[in-house]
Amino acid sequence: MFTGVMPQFVAILLLVGLALAVLSPETIRRTIGEETGFIGMLLASLVGAVSLVPVMIAFPIVAELLESGAGIIQMAVFVSTLTTVGLITIPIETKYLGKKVAVLRNVLAFAFSFITAYLMGVLLK
C-alpha cells in the first residue's frame, strides 16, 4: 500500500519543502499563525476542504508548518477539513448520496471542524 502512495508522498513533500523555502516563518505566522484567529482558521479550513491529500501525507506537512509558526488551532481545522470535507469529491457524493445529503454532510463536517479545532486548541494550550 505504501509503495502506491510513495510517489504522491515524495511529490507533496517536495512541494511543501519548496513552499517552506519560499515562505518565511514570519509569512506563515502572519497567514496561519495563532494570532490570526478565525481568519487563519478560515483560510486553513478552505485549503483543507479543497485539497485531495492522503492523511498520512498531511501529518508531515502539518508538522513542518507548526515548526514554521502555524497555529495549533489553524492546523487542527486544516486536518479536520482535509479528512472530512470533500469539495473536490462532492460530485461523486452527489451521484451516490443525492445532492441534499452530500451538501448537508459537507456543511456539517465543515462546521464541526471548527468546533473540533477550537477544543483541541483549548486542550493543548
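Helices here are DSSP runs of H or I with at least four residues, numbered from the N terminus. The model is predicted: local features need pLDDT of at least 70, side-chain atom pairs count only at pLDDT 80 or more, and totals for chains, interfaces and linings use all residues. Residues are numbered from 1 along each chain as its sequence is written, and side-chain values use heavy atoms, without hydrogens and water.

**Nonpolar patch.** Twelve names make up this group: Leu66, Ile72, Leu104, Leu108, Phe112, Ile115, Tyr118, Leu119, Met120, Val122, Leu123 and Leu124 form a nonpolar surface patch with about 1,200 Å² of accessible area together. Patch residues have over 30% relative accessible area and no salt bridge, and nonpolar side chains are joined within 5 Å. A salt bridge is a side-chain nitrogen of Lys or Arg within 4 Å of a carboxyl oxygen of Asp or Glu. Areas come from the Shrake-Rupley method with a 1.4 Å probe. Helix H7 (residues 99-124) gives the most to the patch, with 10 residues.

Leaving aside neighbours within four places in sequence, serine 80 is in contact (heavy atoms within 4.5 Å) with Val85 and Ser113.

**Largest pocket.** Its lining has 21 residues, and Ile32, Val47, Ile61, Leu65 and Phe78 lie nearest the centre. Lining residues have an atom within 4 Å of a point on a 1 Å grid; a pocket is an open set of points where a 1.4 Å probe fits, with protein on both sides within 12 Å along at least five of seven lines. H1 gives the most to the lining, with five residues.

Technical notes:
Patches are made of residues with over 30% relative accessible area and no salt bridge: like charges are joined within 9 Å, nonpolar side chains (Val, Leu, Ile, Met, Phe, Trp, Tyr) within 5 Å. Helices (H or I, at least four residues) and strands (E, at least two) are DSSP runs, numbered from the N terminus.
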